[in-house]
Amino acid sequence: MHATLPLLQVTEFPQLRRRQLTTLQVNLGYRCNQTCLHCHVNAGPNRTEMMDGTTMGLIPSVLAARKITTLDLTGGAPELHEGFRQLVREARALGVKVIDRCNLTILFEPGQEDLAEFLTEQRVEIVASLPCYSLANVDKQRGEGVFDKSIAALQKLNALGYGKEGSGLTLNLVYNPQGAVLPPDQVKLEADYKRELFNHFGIVFNQLFAIANMPIQRFGSTLISKGTFNDYMRLLKENFAAANLAGVMCRDLVSVDWQGYLFDCDFNQQLGLDLPYASPMAQLREGRPHLRSLLREDVEGRAIRVADHCYGCTAGQGSSCGGAL
């Protein structure tokens with residue numbers, strides 16, 4: 001796979017600083033039951049990296065120490081981690097909102113037959129990947145048979161109350177473009193999704209998040225192989241919108257990798273760009289920033305590490321883990 005970081009490090013992207021930390025986004029590991037072209041973590045069935053029990057045990061303590069209100073669980077498929085359910089229970093017991101970034105087909109994997117009921121019981125917010133409302137486009141991006149399984153999973157979640165008005169069970173969907181283009185208008189696309197999914201399958205959901213493909217990892221490497229990396233970067237830069245800087249996720253979120261190390265966002269995590277310390281002396285004293293660091297000190301006011309991939313979050317309507325900005 002082609003390295004993208006050397007092509008991104010020299011940047012004119014504006015400097016940003018952190019606000020109060022409200023969200024801890026934790027990658028529990030890279031093992032996944034799918035292999036998707038746009039996946040910026042290069043996850044798949046053959047990946048073995050998974051968070052150990054000691055590191056996972058720090059998460060509830062950090063949530064309490066920093067008064068964090070949202071725990072955002074991702075992967076790979078985070079549900080494949082054997083400690084996933086216990087972590088969800090502990091976070092919910094603290095009154096923390098838990099988000100599960102779910103690929104939907106995981107609901108039909110062996111051992112996950114009661115996963116939907118567990119998520120319902122714990123009132124976990126589901127953010128589910130569904131890159132299109134047509135079979136051909138979804139299977140092209142995510143693999144043959146994924147669309148039909150995804151539809152069945154959404155119908156199962158609807159039957160439990162997810163996505164239905166007044167249930168309090170939030171079901172949001174995620175759209176990624178098929179290639180090196182910006183996502184279309186999120187409001188219009190959400191209306192299309194709601195119409196098509198309801199008319200054809202009786203499916204309802206809360207919101208659609210339109211997220212830009214980032215020029216890193218598997219997607220970035222594909223762009224390099226096709227000779228279109230520079231064209232995509234030009235597209236992102238030409239559509240830079242300064243107004244989006246106020247809403248980028250890195251200002252309120254810390255990303256945690258499967259080893260417990262800290263990053264400004266999930267994309268910096270995949271590029272190996274550690275969260276900066278407040279001072280060079282602190283870095284010398286502490287080593288790489290880790291979950292343990294958050295038990296001792298806050299990150300508010302720190303500089304955010306930026307590079308050219310940051311234009312992916314600020315181009316056009318903007319893009320974040322919560323969709324358009």
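Here are some worked exercises on the predicted model above.

Two notes first. In this predicted model, local features need pLDDT of at least 70 and side-chain atom pairs count only at pLDDT 80 or more, while totals for chains, interfaces and linings use all residues. Residues are numbered from 1 along each chain as its sequence is written, and side-chain values use heavy atoms, with hydrogens and water left out.

**Exercise 1. Describe the overall build of the protein chain: how many helices and strands does it have, and what is its radius of gyration?**

Step 1: Start with the helices and strands, which are DSSP runs numbered from the N terminus (helices are H or I, at least four residues; strands are E, at least two). The protein chain has 13 helices and ten strands.

Step 2: Turn to the radius of gyration, taken over C-alpha atoms; the globule rule is 2.2 Å times the number of residues to the power 0.38. The value is 19 Å, close to the 20 Å that the rule gives for 325 residues, so the chain is as compact as a globular protein of that length.

Step 3: The C-alpha trace spans about 60 × 45 × 35 Å along its principal axes.

**Exercise 2. Work out what share of the 325 residues is buried, and what percentage of contacts joins residues at least 24 apart.**

Step 1: Buried residues make up 55% of the 325.

Step 2: Take a contact as heavy atoms within 4.5 Å. Among contacts between residues at least 6 apart in sequence, 76% join residues at least 24 apart.

Step 3: Finish with charge. There are 32 positive and 34 negative side chains, and the centres of the two sets lie 3 Å apart. Here Lys and Arg count as positive and Asp and Glu as negative, while His and the chain ends are not counted. Each charge is placed at NZ of Lys, CZ of Arg, CG of Asp or CD of Glu.

**Exercise 3. Find out how Phe 219 and Tyr 232 pair, and then how Phe 240 and Tyr 311 do.**

Step 1: Apply the ring rule. Rings of Phe, Tyr and Trp (its six-membered ring) pair if their centres lie within 6.5 Å; planes under 30 degrees apart count as stacked, over 60 as edge-to-face and the rest as tilted. The count comes to seven aromatic pairs.

Step 2: Phe 219 and Tyr 232 are 5.6 Å apart, centre to centre, with 80 degrees between the planes, and form an edge-to-face pair. This pair links Phe 219 in helix α8 (residues 217-226) with Tyr 232 in helix α9 (residues 229-238), 13 residues apart. Phe 219 is buried at 5% relative accessible area, and Tyr 232 is buried at 1%.

Step 3: For Phe 240 and Tyr 311, the ring centres are 5.7 Å apart and the planes stand at 80 degrees, so this pair is edge-to-face. Phe 240 sits in the loop between α9 and β8 (253-256) and Tyr 311 in helix α13 (residues 311-314), 71 residues apart. Phe 240 is partly exposed at 29%, whereas Tyr 311 is buried at 8%.

Step 4: Look for a cluster. Phe 13, Phe 240 and Tyr 311 form one.

**Exercise 4. Which residues does Met 249 contact, leaving aside neighbours within four places in sequence?**

Step 1: Locate Met 249 in the loop between α9 and β8. Its relative accessible area is 11%, so Met 249 is buried.

Step 2: List the partners: Cys 265, Phe 267, Ser 320 and Cys 321.

Step 3: Check one partner along the chain. Met 249 and Ser 320 are 71 residues apart in sequence, with their C-alpha atoms separated by 6.0 Å.

Note on methods:
Buried means under 20% relative accessible area, exposed over 50%, partly exposed in between (1.4 Å probe, protein chains only).
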